[in-house]
Amino acid sequence: MEAERLGCDSVQIFVKNQRRWQSPPISDLDVAAFRRLLAQRPIPTVTHASYLINLAAADEALYRKSAEAFADELLRCDQLGVRYLVVHPGAAGEQPRAAALKRIAAALDGILREHACVSTMPLLETTAGQGTTLGRSFEELAGVLSEMEHGKRVGVCADTCHLFAAGYDFREKAQYEAMLNEADRLLGAGRIRCWHLNDSVGGCGSRRDRHEHIGQGQIGRSGFANVVRDPRWSGVPMILETEKGTDERGRKWDSVNLAVLRRLMQRGVRQ
Ligand SMILES: [Zn+2]
């Protein structure tokens with residue numbers, strides 16, 4: 001697998017076509033093959049749910065369809081032994097934001113209640129806050145979790161690009177610490193179970209969700225050094241969602257970005 005070749009310690013996969021509502025079930029043969037692969041190299045696996053899902057939708061039909069699709073993905077993940085299923089909280093549309101957050105909580109609670117034995121953990125991802133998108137602050141994510149009965153079974157995925165675009169500046173060490181203190185206070189310590197590492201094309205507070213290669217965007221290397229050098233995240237999967245393909249010298253972007261992160265991990269940013 002590509003992750004193996006790159007020497008990755010975690011991997012993010014899709015368990016269905018994320019731009020469609022329906023996908024055929026995963027065959028028993030594929031389940032067995034995937035589980036065999038994981039047994040050989042037990043690394044944390046993360047899945048990203050369909051982008052069509054809106055667990056906050058005001059429209060009843062879309063709300064129901066979203067909950068069904070999310071439950072289907074959760075069961076697929078569980079079948080494969082995937083540890084985390086990342087989902088964007090949703091979009092409020094015309095609803096007041098607080099009401100929309102309650103809808104997400106109700107949808108997740110319903111799914112977790114019905115599937116009590118599922119061991120895959122849903123992770124609500126922080127978002128850039130474009131349009132009426134929910135999840136632009138730890139406070140909003142806490143607004144979902146605090147409404148839930150089964151909130152303990154839900155974690156958070158922190159996306160560096162989204163956090164920065166939503167207004168969290170963590171380029172300085174003190175800012176980074178303040179951001180995490182806020183997360184701990186509002187979400188509870190240990191709630192962040194996964195990181196998405198992406199630099200940002202847009203500035204801090206721009207609310208633009210455009211990923212850039214590590215160190216080449218507005219966050220820059222110091223922000224990433226703060227994250228990857230933090231011992232709190234040892235064992236926590238960190239996923240690159242930067243553009244794939246190759247750079248001008250023909251090197252795979254994933255290898256280039258990983259090399260930058262590994263250097264920052266070892267040496268930090270040289271002054
Ligand atoms: Zn992300």
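Three bridges tie strand β2 (residues 45–48) to strand β3 (residues 84–87), and the two run parallel. Here, helices (H or I, at least four residues) and strands (E, at least two) are DSSP runs, numbered from the N terminus. Keep in mind that this is a predicted model: local features need pLDDT of at least 70, side-chain atom pairs count only at pLDDT 80 or more, and totals for chains, interfaces and linings use all residues. Residues are numbered from 1 along each chain as its sequence is written.

**The sheet**

- Look across from Thr-47 and you find Leu-85 in β3 standing opposite.
- Zooming out, there is an open sheet of seven strands with parallel pairing, in the order β1-β2-β3-β4-β5-β6-β9; two strands pair if DSSP finds at least two bridges between them.
- β1 (11–13) and β9 are at the edges with a single partner strand each, so one side of each has no neighbour in the sheet.
- From one strand to the next, the twist averages 30°, where axes are lines fitted to C-alpha atoms (for helices over the stretch in contact) and angles run from 0 to 180 degrees between N-to-C directions.
- Strands of a sheet pair through backbone hydrogen bonds, either parallel or antiparallel.

**Helix α9**

- α9 covers residues 253–267, and its 15 residues should span 21 Å at 1.5 Å a residue; the end C-alpha atoms are 21 Å apart, which agrees. The expected span is 1.5 Å times one less than the number of residues.
- Its buried residues are Asn-257, Leu-261 and Leu-264. They take up an arc of only 60° around the axis, which puts them on the same side of α9; the arc is that of the directions from the helix axis to the C-beta atoms.
- Ala-259, Arg-262, Gln-266 and Arg-267 are exposed on the other side of α9.
- A residue is buried if 20 or more other C-beta atoms lie within 10 Å of its own, exposed if 12 or fewer, and partly exposed in between, with C-beta atoms placed from the backbone.
- The buried residues of α9 pack against β6 (192–197), α8 (220–228) and β9 (238–240).
- Just after α9 comes Gly-268, with a positive phi of about 70°.

**The whole chain**

- The protein chain has nine helices and nine strands, and 40% of its 271 residues count as buried.
- Its C-alpha atoms fill a box of roughly 55 × 45 × 35 Å, taken along the principal axes.
- Of the contacts with a separation of 6 or more, 77% come from residues 24 or more positions apart; two residues are in contact if their C-beta atoms, placed from the backbone, lie within 7 Å.
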